[in-house]
Structure formats: structure tokens, C-alpha cells
Amino acid sequence: MPEQEKKQGQLIQAFGLQAAILLVVSSIIGSGVYKKVAPMSEALQSPSLVLLAWLLAGLVTMLGVLTTAEIAGMVSGSGGPFAYFNRIYGRRFAFFYGWGSFTAIQSASIASISYVFAHSLNAVMPLPRLDAATEKIRVLGIFYPLENLGVKLAAVLLILLLGAINYRGVRQGGGVSRIITNAVIASILVIIILGLTMGTGSVENFQTVASTYPPESFSAGNFGFITALFAAMLSAFWAYEGWITLGFMAGEIKDPTRNIPRSLILGTLIVITIYLLINFVYLYVLPMDEMIAVAKDTNKIAAIEVIRRMFGETGVLLLSVLIVVTTAGCTNTTIMAAARIYYAMAKEGVFFKKAAHIHPRYHTPGNALIYQAIVSCTLVFSGSFDQLTDMLVFVQFIFYGAVAVGVFILRKREPNTPRPYKAVGYPVIPALYILFCAYLVINTLVTDPRNAGLGLGLVLLGTPFYMYWTSQNKKTSDPSVLDEP
């Protein structure tokens with residue numbers, strides 16, 4: 001056996017159903033649970049409508065989960081949607097999903113969550129900044145890489161630290177996620193219980209709209225209301241982002257064709273329940289006008305202001321630490337899972353060859369983790385939290401819709417293929433999800449062309465790479481070429 005093959009390790013199936021559910025929860029619950037209620041309140045100015053937006057966003061997310069779970073149960077290879085698209089549309093389309101994940105979707109998610117981690121750390125322990133003139137230095141006319149340098153360096157250090165932990169073994173990375181997720185869920189439940197029982201809130205707060213209600217956007221009639229509701233839902237979608245990452249690790253899930261669909265559905269249901277309860281508490285404790293004031297102050301986080309009302313400054317410190325822990329856990333799960341996409345791409349010959357290498361001792365795609373860390377750290381310096389999240393949500397929903405379309409294609413092309421799980425409500429639920437994805441993509445192109453264009457540009461940047469790797473594959477498979485010096 002060649003020496004190179006002797007040194008090649010293999011992925012190990014380390015996660016059962018319970019661990020997989022925790023991975024889904026930890027990949028979703030990040031910064032959004034603490035931050036997004038404020039901008040949603042500003043958009044809708046009504047506690048009932050804010051909760052409605054959270055519920056609708058959760059239901060739409062569940063439509064995607066119920067649809068995608070069918071394909072996840074059929075395709076058990078590592079790489080998640082890359083493996084799905086490879087089977088549905090072929091290698092070219094699968095490549096652009098994987099490349100989009102590498103340059104925009106997953107790397108931007110890692111960068112943005114770690115960025116919030118660093119901001120929260122800054123609230124606990126102020127990080128150094130450069131002088132104002134240096135911070136205003138621009139690159140390409142739109143990026144400010146030296147702005148909040150201390151925060152960005154802290155985000156980079158988190159990415160490198162968690163990358164190193166996951167490099168040394170999937171059990172270590174999974175162990176970190178499990179410990180953090182259990183702590184986060186327990187802490188959020190404590191906040192919910194105390195928020196409802198301490199007497200610092202009032203049912204009247206929940207029943208009272210803002211003094212400026214209705215917002216100006218409602219003046220356009222029903223269409224204006226729908227536009228405002230949709231804008232609020234976009235904020236909630238960021239909080240629900242990450243559910244699909246479990247599929248990336250199919251090669252390390254025990255009995256993946258059964259456990260991946262089950263864990264996706266159960267994990268997402270847990271998150272929806274937690275989000276509705278905690279946001280009910282936020283709105284129960286803090287009046288709508290005060291919540292809108294939080295949204296207008298970029299230095300404030302809604303959850304922290306609620307805790308300040310409940311527990312004072314000591315509670316603020318404890319919650320800031322919890323946010324740091326939560327975002328670290330979400331970053332860890334995303335780092336661990338997303339690297340498996342690039343491993344799967346490299347095995348197909350459409351990524352850097354070294355990314356297909358599994359560490360012989362740690363049984364992890366170590367090189368893929370390194371490549372991912374480089375891009376994620378670069379994105380930390382390239383933009384703000386809002387820029388990164390807007391870009392990745394837009395690009396991600398293009399591919400979410402494509403997965404849903406794939407359910408129809410495989411039903412027709414492979415009617416006799418075993419399906420451990422079949423999409424509930426087929427064909428209505430998958431069709432509704434496709435329509436929603438299409439509307440979100442078109443709406444973002446119209447309302448936010450800059451971030452939409454940046455996201456599409458990063459995806460299309462993969463074209464010359466795909467052409468190169470495809471040509472290299474043809475050379476290595478052509479006997480006449482192999483005989484050349």
C-alpha cells in the first residue's frame with residue numbers, strides 16, 4: 001500500500017440521536033436569540049406582531065426542515081447539501097454550493113457569530129481600539145478592516161482556537177458543543193422562569209403597542225404591512241439559521257438515514273419553542289417603546305436591557321458572559337460541521353486536493369478546517385455583523401430553494417428508492433417553501449442589491465477554480481496524458 005494511503009485516516013461515527021439533536025440546537029442558537037427582538041420591534045411596534053413574526057419564521061424554517069429531511073434520509077454521505085446537489089443536479093451545481101459555502105455562507109456565518117462573541121466579550125472586558133483616523137482607512141472603498149480592531153482580533157482568535165480543538169478530534173469538538181448547549185438551554189430556561197415570576201414584568205407591557213404605532217410602513221395598506229412583517233421575519237431567519245449544518249456531518253452520525261431527519265425535526269422544534277418563550281419574556285418585561293429605543297442604540301443588546309431591568313448590573317455581567325458562551329458554542333458547531341463540505345468536494349476532485357485528507361490520528365478533515373479558518377478570519381476583517389448576515393441569508397436561501405426543488409426531481413427520477421422519511425404534506429409543503437425562498441431572493445435583490453451582489457459575486461468567483469479542477473480531473477483520467485513527461 002502506498003505510504004500516502006497508510007497515513008490516511010477515516011471519519012468515525014461518533015454521534016447518536018441525542019448528540020445529533022444537541023448539534024442541531026447548538027448550530028442554531030447563537031446571537032439572534034439575544035439581539036433580534038429589538039429591530040423586529042422597531043419594524044412592527046407591536047408585541048403581538050413581533051411574536052407572530054418569530055412564529056412565522058419558525059414555521060417557514062420548519063417547512064424547510066420537513067422538506068430537506070427527505071433528501072437527508074436518502075443521501076448519507078458527508079457534505080450535506082453538496083452531496084444532495086451532486087445527486088440531484090450534478091457536480092457543477094454542487095460545486096457552486098460548496099464554493100458559496102466556502103466564500104460566503106458558512107465562512108460568513110462563522111465570521112459573523114464570532115464577531116458577536118467578540119462584541120459581547122468587549123462588554124465584559126473592554127478590548128483595545130485604534131485611533132479614529134486609522135479606523136477610517138478603507139479598502140476597495142467599502143471595507144474598514146481596522147475598525148474595532150480589538151474586537152476583530154478576538155473573533156479571529158476564537159476561530160483559530162475552536163479550529164484547533166476540532167482539528168484534534170470530532171469527539172472533542174462535539175464535547176465542547178454538548179457542554180455549552182446544555183449550559184445555554186439551562187440558562188435560557190432560568191431567564192424565562194424568573195422573568196415570568198419575579199414581578200418585574202407586566203401583562204400590560206405585552207398588550208401595549210408603541211406610542212408611534214402604526215409604523216409609517218403600514219401606510220401602504222396591506223402590502224405595507226406584509227413588507228414590514230417580512231422585514232421583521234428576515235431578522236428572525238438569522239436567529240434560525242444553521243439547522244442544515246447537521247447534514248454536513250452525515251459520515252459521523254450513527255444510522256444517518258434515520259437519525260438525521262429525526263434530529264433535524266426535533267432539534268428545530270426545541271429551538272422554536274425556546275425562541276417563542278424567551279421573546280415573550282423580553283416583551284413582558286420591557287415595554288415596546290423601550291425596546292424600540294434599544295434598537296436605535298447600536299451599542300445595546302435587547303436581552304441585556306431586559307436582564308438589567310430584572311437583576312441590575314450583576315445580571316448584566318452574567319448575561320454578557322452567557323452570550324459569550326452561546327456564540328462560542330454556535331461558532332464551534334459551525335466550524336466542526338462546515339469543514340466536511342470541503343472534504344466532500346475534494347473527494348469529488350473539485351476543491352483543493354489536500355482538503356480530502358483525513359488526519360490518521362485525529363480522524364478529522366484537518367486541512368479543510370485550516371482552509372475554512374483562513375477564509376473566515378479574512379471575512380471578519382471585511383465587514384460588519386449586519387453585512388455578513390445579510391449576505392449569507394440571501395445566498396443560503398437560493399440553495400435552500402434548490403434542495404426543495406430536488407425533492408420533486410428525485411420523486412420523479414427515483415420513485416423506488418427507499419425513503420426512511422417522506423416529506424410531510426408533499427407536494428404542498430415543499431411547494432410553499434420553494435415559493436417563499438423565491439420571494440426572499442427576489443425581494444433581497446430589489447431592496448438590498450449591494451449585499452446580494454456581493455454574495456452572488458463570491459459564489460461566481462468559483463467559476464475559474466471549477467474549470468481548472470475539472471480540467472485537472474480530465475488529465476488524470478486520460479491514459480494518453482499520464483504517459484506524458
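Hi everyone. Let's start with the secondary structure: the chain has 23 helices and zero strands. The radius of gyration of the chain is 23 Å, close to the 23 Å that the globule rule gives for 485 residues, so the chain is as compact as a globular protein of that length. Please keep in mind that this is a predicted model.

Now the overall picture. If you draw a box around the C-alpha atoms along the principal axes, the box comes to roughly 80 × 55 × 45 Å. How much of the chain is buried? Of the 485 residues, 56% are buried, and for that word the cut-off is a relative accessible area under 20%.

Next, who touches whom along the sequence? Take the contacts with a separation of 6 or more: 82% of them are between residues 24 or more positions apart.

Where are the cis peptide bonds I want to show you? One runs from Tyr-213 to Pro-214, with omega near 0°. Pro-214 sits in the loop between helix H12, residues 203-207, and helix H13, residues 222-240. Another cis bond joins Tyr-426 and Pro-427, and here omega is about 5°. You will find Pro-427 in the loop between helix H19 (385-413) and helix H20 (428-447).

Asp-255 is not a glycine, yet its phi is positive, near 45°. Look for Asp-255 in the loop between H13 and helix H14, which covers 256-285. Is Asp-255 buried, partly exposed or exposed? Its relative accessibility is 38%, so Asp-255 counts as partly exposed.

The other residue is His-363, which also has a positive phi, of about 60°, without being a glycine. The loop that holds His-363 lies between helix H17 (313-347) and helix H18 (366-382). With a relative accessible area of 23%, His-363 is partly exposed; remember that buried would need a value under 20%.

Notes: Residues are numbered from 1 along each chain as its sequence is written. This is a predicted model: local features need pLDDT of at least 70, side-chain atom pairs count only at pLDDT 80 or more; totals for chains, interfaces and linings use all residues. Side-chain values use heavy atoms; hydrogens and water are left out. Helices (H or I, at least four residues) and strands (E, at least two) are DSSP runs, numbered from the N terminus. The radius of gyration is taken over C-alpha atoms; the globule rule is 2.2 Å times the number of residues to the power 0.38. Buried means under 20% relative accessible area, exposed over 50%, partly exposed in between (1.4 Å probe, protein chains only). Contact means heavy atoms within 4.5 Å.
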